[in-house]
Amino acid sequence: MSEKLIPATQLAEYVYCSQAWYLKQHGVQVSKETRAIQAEANAWHETQGRSLATGDSYRWAAYAAVLLAVVLFIFCWLGWSRMSIVLMLASTLVFLGVLLFFLAHRARSKTGIPAGEIFYQDLIGQPFQAEVLRSAQWGISGKPDCLIRTPEGVVPVELKKSKRPPARGEVYPNHSVPYGLVIYAGQQVRRVEYTEASRRWLAQVIDLVRRARTLPAVMRNHRISGRCSGCGLRPHCDQSLI
Ligand code: SF4
């Protein structure tokens, strides 16, 4: 089944430029400059992953400090230890715990990711590799940067180095997904609603990509010259707008 699934990154590439998607599918390599930009983006993702990992470490250390402080307070209350020294130690641990919670919050807020338990992540620099998510219903697969559990449900999050949101965002279909978030440079956040219109659009893109896989050539699907000016495939493209 997995051989037939279309990776979600391919859908995004196709929406951006069908001709660029086609050239990549046929083994055309992007320019050296584009590879350097991609390497920068990977390094940026690694930094975001480290910020999250650091935040997690601080948070667990804060829980440990507060727990130990509670144990010491109980010892004092039961009269099992010398009151003044243990109270001083417990107070220091409470202070340390508060400081660590603050540092954890600061490390996470650098990424722009909102509150909620992160139970899945595909950011470079994380200790565990994220599994590929598959949808047999839609025939696609992909790895969102993060999945966070919120009171509204599971929210997929994509992190972008760019500060400029494009005209549209991608969605990861799942019946329990209330919406998706695309966070640009840890500052601007685009909320992608999982609406009937989004679902129709996604189905249309999947269908286009599936059909384009069998075609001997595809026509460019945009008229935005800016896309061509920054395109690493332009030397191999006969449909460039510039
Ligand atoms: S040069 Fe323009 S049309 Fe050609 S692949 Fe790049 S973005 Fe697409």
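Ser109 is partly exposed, with 14 other C-beta atoms within 10 Å. (Buried means 20 or more other C-beta atoms within 10 Å of the residue's own, exposed means 12 or fewer, and partly exposed lies in between; C-beta atoms are placed from the backbone.) This is a predicted model: local features need pLDDT of at least 70, side-chain atom pairs count only at pLDDT 80 or more, and totals for chains, interfaces and linings use all residues. Residues are numbered from 1 along each chain as its sequence is written.

**Overall make-up**

- The chain has six helices and eight strands. Helices are DSSP runs of H or I with at least four residues, strands are runs of E with at least two, and both are numbered from the N terminus.
- From the N terminus, the order of elements is β-α-α-α-α-β-β-β-β-β-β-β-α-α.
- Of the 242 residues in the chain, 25% are buried.
- Among contacts with a separation of 6 or more, 66% join residues 24 or more positions apart. Two residues are in contact if their C-beta atoms, placed from the backbone, lie within 7 Å.

**Helix α3 against helix α4**

- Two packed helices are described by the angle between their axes and the distance between the axes.
- The axes of α3 (residues 32-78) and α4 (residues 83-109) come within 7 Å and cross at roughly 160°. α3 is therefore roughly antiparallel to α4.
- Axes are lines fitted to C-alpha atoms, for helices over the stretch in contact, and angles run from 0 to 180 degrees between N-to-C directions.
- Angles under 35 degrees count as roughly parallel, over 145 as roughly antiparallel, 65 to 115 as roughly perpendicular, and the rest as oblique.
- The crossing of α3 and α4 is left-handed: the near helix is turned anticlockwise from the far one by less than a right angle.
- The contact of α3 with α4 involves 25 nonpolar, four polar and two charged residues. Nonpolar covers Ala, Val, Leu, Ile, Met, Phe, Trp, Tyr, Cys and Pro; charged covers Asp, Glu, Lys and Arg; the others, Gly among them, are polar.

- Ala8, Gln10, Leu11, Tyr14 and Val15 are the buried residues of α1 (residues 8-16). They cover an arc of only 155° around the axis, so they sit on the same side of α1. The arc is that of the directions from the helix axis to the C-beta atoms.
- These buried residues pack against β1 (6-7), α2 (18-25), β4 (140-142) and α5 (196-212).
- α1 meets α5 at an angle of about 90°, with the axes 10 Å apart. α1 is therefore roughly perpendicular to α5.
- On the α1 side are Gln10, Leu11, Tyr14 and Val15; on the α5 side are Val205, Ile206, Leu208 and Val209. Seven residues of this contact are nonpolar, one is polar and none is charged.
- The axes of α1 and α2 come within 5 Å and cross at roughly 130°. The two helices are therefore oblique to each other.
- Gln10, Glu13, Tyr14 and Tyr16 of α1 meet Ser18, Ala20, Trp21 and Lys24 of α2. The contact of α1 with α2 has four nonpolar, two polar and two charged residues.

**Two serines**

- Ser109 lies in helix α4. Ser109 and Gly186 are 77 residues apart in sequence, yet 7.8 Å apart in space, C-alpha to C-alpha.
- Ser225 lies in helix α6 (residues 225-229). Ser225 is exposed, with 10 other C-beta atoms within 10 Å.
- Ser225 and Ile242 are 17 residues apart in sequence and 6.4 Å apart in space, C-alpha to C-alpha.
- Leaving aside neighbours within four places in sequence, Ser225 is in contact with Leu241 and Ile242.
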